[in-house]
Amino acid sequence: MAAISLNKLNKHYGSLFHAVKDVDLEIADKEFVALVGPSGCGKSTTLRMIAGLEDISSGEIRIGGKIVNHLPPRDRDVAMVFQNYALYQHMSVYDNLAFGLRNKRVAETEIRSAIDRAADILGLHELLQRKPKQLSGGQQQRVALGRCIVRNPQVFLFDEPLSNLDAKLRARMRIEIKRLHAQIPTTSVFVTHDQIEAMTLGDRVVIMRDGYVQQVGTPLTVYEKPANKFVAGFIGAPAMNFVDVTVRGDAVETSGLKISVNPAYARALQPYDGKPVVMGVRPEHLALGDGAPGSSFDARVEVVEQLGSEILLETRAGADSITVARVPAETRIAPGDRVKVSSQLSRLHFFDPNTELPISG
Ligand code: ATP
């Protein structure tokens, strides 16, 4: 059993910089959690504190119920996969895989069977005699994963392990990591700045910003019910459109558009009547055409991005740029065209402009 528990975890670098702030997080045994956020938000520092590679300034870390605050990395029974693979270049793949176990004086026959198992899972058999420099980036990353598997640790920690790979390989390795977790369910923490990676891999996603946890939830929860405007804008690709609107009775408007408010939101928006709020609408919840009554506005097409499977449109409505996704690829459309854009009224989001918290319906 290896649940991880972070309790009021803080990290100060010197007296000036507070990198991780009061992080509370409960990760269940065998759960896969993705830590995501923009560069510098403190996600790697948090992971490194769990690994024992970074001292903690205050708070508590428990692994498997045991406080590990002062335990050195080797005694925490965690295995870490780094962005740069960190393989020993002068050793064969086999010896790289065996290294940690030999250090622990595990018998060679046992080492061989652990390596066989890892090689089966990751398809490494034909690479075992090669040196790391004779491997592609994806193969090196598989060896780095293999090295963790053979140690059979309580916890896997991943620090942006896929960032050095090209887009296609990243997608493939993502599937391999998912498969690996299904085959060997091990408590895992995966740090990434890529929200798609976080959403596709994590049982739950932890979104960080400026050292603080913003939200913890399943991928669907953080997408559908973002805890604040930052999460709403960070999760989802293309990103959510934000439009500064004014509430007018049962509608919201700008100088360039007017949209009816779904009855579910009308009550929550009542106190804002006559005042500004931020409307959030995801590009995939907009479509060309009239849609339901009160749901559409006029816009001018500025940029057409043909993706083959769909068209992505950059439009302008009054002063606002609004991205529209999922336009059928065969649609005949060009920059300068005037279009009607309709929104799914039940999928609009509204945020208080000062607190940036959702105005929930
Ligand atoms: P990235 O995706 O860029 O790696 P991150 O979210 O993982 O970002 P961290 O590496 O955790 O960010 O760093 C958090 C903050 O702490 C950053 O502003 C960084 O500059 C700072 N920081 C990290 N290590 C040190 C250090 N040894 N001394 C001082 N500041 C540091």
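**Close-up views of a predicted model**

Y13 is partly exposed, with a relative accessible area of 35%, where buried means under 20% relative accessible area, exposed over 50%, and partly exposed in between (1.4 Å probe, protein chains only). The views show a predicted model, in which local features need pLDDT of at least 70 and side-chain atom pairs count only at pLDDT 80 or more, while totals for chains, interfaces and linings use all residues. Residues are numbered from 1 along each chain as its sequence is written, and side-chain values use heavy atoms, with hydrogens and water left out.

**View A. A nonpolar surface patch that includes Y13.** Y13, which has its place in strand β1, makes a nonpolar surface patch of about 370 Å² together with L16 and F17. Strands (E, at least two residues) and helices (H or I, at least four) are DSSP runs, numbered from the N terminus. Patches are made of residues with over 30% relative accessible area and no salt bridge, with like charges joined within 9 Å and nonpolar side chains (Val, Leu, Ile, Met, Phe, Trp, Tyr) within 5 Å; accessible areas come from the Shrake-Rupley method with a 1.4 Å probe, and for residues only the protein chains shown count as cover.

**View B. A salt bridge between K8 and D24.** A salt bridge is a side-chain nitrogen of Lys or Arg within 4 Å of a carboxyl oxygen of Asp or Glu, and in the pair K8 and D24 the closest N and O atoms are 2.8 Å apart. This pair links distant parts of the chain, since K8 is in strand β1 (residues 4-13) and D24 in strand β2 (residues 17-27), 16 residues apart. K8 counts as partly exposed at 42% relative accessibility, and D24 counts as partly exposed at 36%.

**View C. A salt bridge between D194 and R170.** The side chains of D194 and R170 meet at 3.4 Å, N to O. D194 lies in the loop between β8 (187-192) and α6 (195-201), and R170 lies in helix α5 (residues 167-183), so the pair ties together parts that are 24 residues apart in sequence. R170 is buried, with a relative accessible area of 14%.

**View D. The hairpin of β9 and β10.** Strand β9 (residues 204-209) and strand β10 (residues 212-217) run antiparallel and are joined by 5 bridges, where two strands pair if DSSP finds at least two bridges between them. R209 has Y212 in β10 as its bridge partner. The hairpin has 2 residues between its strands, and D210 in the turn has a positive phi of about 50 degrees.
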